[in-house]
Amino acid sequence: MKIEDKNFGPDFKWGVSTAAYQVEGAWYSDGKGKSIWDVFSNTGGNTYKDQNANIACDFYRRYTHDIILMAKLGIPNFRFSLSWSRIIPNGTGKVNPIGIEFYNRVIDFCLEMGIEPWITLYHWDLPHELEKKGGWTNRDIIGWFGDYVALCIRYFGDRVKNWMILNEPMVYTGAGYFLGVHAPGRKGLNSFLAATHHSAMCQSEGGRIVRSLLNDAHIGTTFSCSYIEPFGQSINDGMAAFRVDALLNRLFVEPLAGLGYPVADLKLLQRLEPYIKDGDESKLAFNMDFIGVQNYTREMISHSHFTPLIWAKVIGADKRNVETTDMNWEVYPESMYEMLMKFGKYKNFKEIIVTENGAAFPDILADGKIHDEKRISYLDQYLKQVLRAKNAGVKVNGYFVWSLTDNFEWAEGYKPRFGLVYVDFETQERVIKDSGYWYSNFLTNC
Ligand code: FCB
């Protein structure tokens, strides 16, 4: 990107994102309780080569090192998540003081290094003890989560202004409670629908709690999204794409925006009704200061007779002869523009921040260097689309790369490497990739 094209404005927030389970390690020490991801990944058959994040990037012990790296690269904002079961081992009740102390140290060290902390309250690692009681399918989670949120604000709110309530509810409900390919590995429509409604309630309720406890809080929540297009020209493919868009892109943001669930466009959502109690509907809405858009790719959809309820299937990027990343996600920068235009139309959010974007490519470490041109090109192209949306009038005011370091990519284990910084998982050695230097240089010049 040329310097003259970099006019994102002086208030634009630049950063990197991580998540507790993917980087921290120390999974069962210093009083931490197990999370659903600890249990899921330590059960054979659930992840790539049965890998787990018991150690991960050892961020728990190496956070100073990683935060210094961030400062060295001139990255001014750091989005990370709190592990609920490190703070409250059983999910409710007794607090773990060593967990609180850990996050105090992380926050304080960020501030000391001139880096602004952005905290995600829930990035998929539910305390296992709560899952034993039904997890997200149990309506009591609205209370459990509320207490946890209030506690975090009381402990950390004096120093942290930027709060995100949930990370990508569509992914953890869909993959974790419908398909069973993510923790807690549950399958079926009923558990998905219950988890969906309770998550949607927590997303707004969490926002209200932060607002009530912290005057100057900057509150948001994040959404996964992909530009959805019909694979063929037929009306059936067009309708299928429309339904998938309602499911993947609209299910959680619309109730938050006061529009309710997109039931009219996706009939299966009528089945949410048994979980919706009197008075819930109005509680689903909340005026966030920002919404976090997380975009990586687009999906092509065709009609299918074999997938009841949604009658649609994804035509994978590998079948379409397109450029892909190591996740088999199509490189399609315009998806970012389309999603910012789409999310920019919802009225009651002040602004949008791209809270995740990035790419996994097979990095090769040679002579202590990683020449990851593909990642640089990916980031450069997606950033151009962010700017294009901004110039088209969308109030997008931040961009966070996923991720600072290579880390544990959920069911895909350590194979996909998303970092600006390479991690040798044997030695825990870090090597800044060319993309890390590129981002650093970009930040200096914009
Ligand atoms: C997002 C997740 C994040 C990471 C990236 C690649 O869906 O929020 O934790 O795994 O994808």
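Where is Asn96 found? Asn96 sits in the loop between helix H4 (84–87) and helix H5 (97–112). The structure is a predicted model. This briefing covers its largest pocket, which has a volume of about 1,500 Å³, two helix pairs, two cis peptide bonds, and several individual residues.

**Largest pocket**

- The volume of the largest pocket is about 1,500 Å³.
- Its lining consists of 50 residues, and those nearest the centre of the pocket are Val171, Ala175, Leu179, Leu248 and Glu299.
- Six elements each contribute at least two residues to the lining: helices H8 (169–178), H9 (189–213) and H10 (235–250), and strands S5 (218–230), S6 (290–303) and S7 (312–314).
- Strand S6 gives the most to the lining, with six residues.
- By residue class, the lining of the largest pocket has 29 nonpolar, 12 polar and nine charged residues.

**Helix pair H3 and H5**

- Helix H3 (residues 59–72) packs against H5 at an angle of about 5 degrees, and the two axes are 10 Å apart.
- H3 and H5 are therefore roughly parallel to each other, since angles under 35 degrees count as roughly parallel.
- On the H3 side the contact is made by Phe59, Tyr60, Tyr63, Thr64, Ile67 and Ile68, which meet Ile98, Phe102, Arg105, Val106, Phe109 and Cys110 in H5.
- The residues of this H3–H5 contact divide into 10 nonpolar, one polar and one charged.

**Helix pair H10 and H13**

- H10, one of the elements that line the largest pocket, also packs with helix H13 (residues 334–343) at an angle of about 80 degrees, with the axes 13 Å apart.
- H10 and H13 are therefore roughly perpendicular to each other, as angles of 65 to 115 degrees fall in that class.
- Asp245, Asn249 and Arg250 are the H10 residues of the contact, and Met339, Lys342 and Phe343 are those of H13.
- The contact of H10 with H13 comprises two nonpolar, one polar and three charged residues.

**Cis peptide bonds**

- Ala183 and Pro184 are joined by a cis peptide bond with omega of about 5 degrees.
- Pro184 is located in the loop between H8 and H9, and H8 and H9 each supply at least two residues to the lining of the largest pocket.
- A cis peptide bond also runs from Trp402 to Ser403, where omega is near 15 degrees.
- Ser403 is in the loop between strand S9 (396–402) and strand S10 (421–424).

**Positive phi in residues other than glycine**

- Leu309 has a phi near 80 degrees, a positive value in a residue other than glycine.
- Leu309 is placed in the loop between S6 and S7, and is partly exposed at a relative accessible area of 30%.
- Trp410 is not a glycine, yet its phi is positive, at about 50 degrees.
- Trp410 belongs to the loop between S9 and S10, and its relative accessibility of 3% makes it count as buried.

**Buried residues and their contacts**

- Asn96 is buried, with a relative accessible area of 6%.
- Leaving out residues up to four places away in sequence, Asn96 touches Asp30, Gly31, Lys32, Arg86, Ile87 and Pro89.
- Asn96 and Arg320 are 224 residues apart in sequence, and their C-alpha atoms are 50 Å apart in space.
- Met327 lies in the loop between S7 and H13 and is buried, with a relative accessible area of 14%.
- Beyond its neighbours within four places in sequence, Met327 is in contact with Ala360, Glu409, Glu412, Pro416 and Phe418.
- Met327 and Phe361 are 34 residues apart along the sequence and 8.3 Å apart in space, C-alpha to C-alpha.
- Ala389 is part of helix H14 (residues 373–391), and at 0% relative accessibility Ala389 counts as buried.
- Not counting residues up to four places away in sequence, Ala389 touches Tyr337, Leu340, Met341 and Val394.
- Ala389 and Gln51 are 338 residues apart along the chain, with their C-alpha atoms separated by 39 Å.

Terms used. Residues numbered from 1 in each chain as written. Predicted model: local features only at pLDDT ≥ 70, side-chain atom pairs only at ≥ 80, totals over all residues. Heavy atoms only, no water. 1 Å grid on protein atoms, 1.4 Å probe; cavity = no way out; pocket = protein on both sides within 12 Å on 5 of 7 lines; lining within 4 Å. Points joined across faces, edges and corners; volume = space filled by probe spheres on them. Helix = DSSP H or I, 4+ residues; strand = E, 2+ residues; numbered from the N terminus. Nonpolar A, V, L, I, M, F, W, Y, C, P; charged D, E, K, R; others polar. Axes fitted to C-alpha atoms, helices over the stretch in contact; angles between N-to-C directions. Parallel < 35°, antiparallel > 145°, perpendicular 65-115°, else oblique. Contact = heavy atoms within 4.5 Å. Buried < 20%, exposed > 50% of the residue type's maximum accessible area, 1.4 Å probe, protein only.
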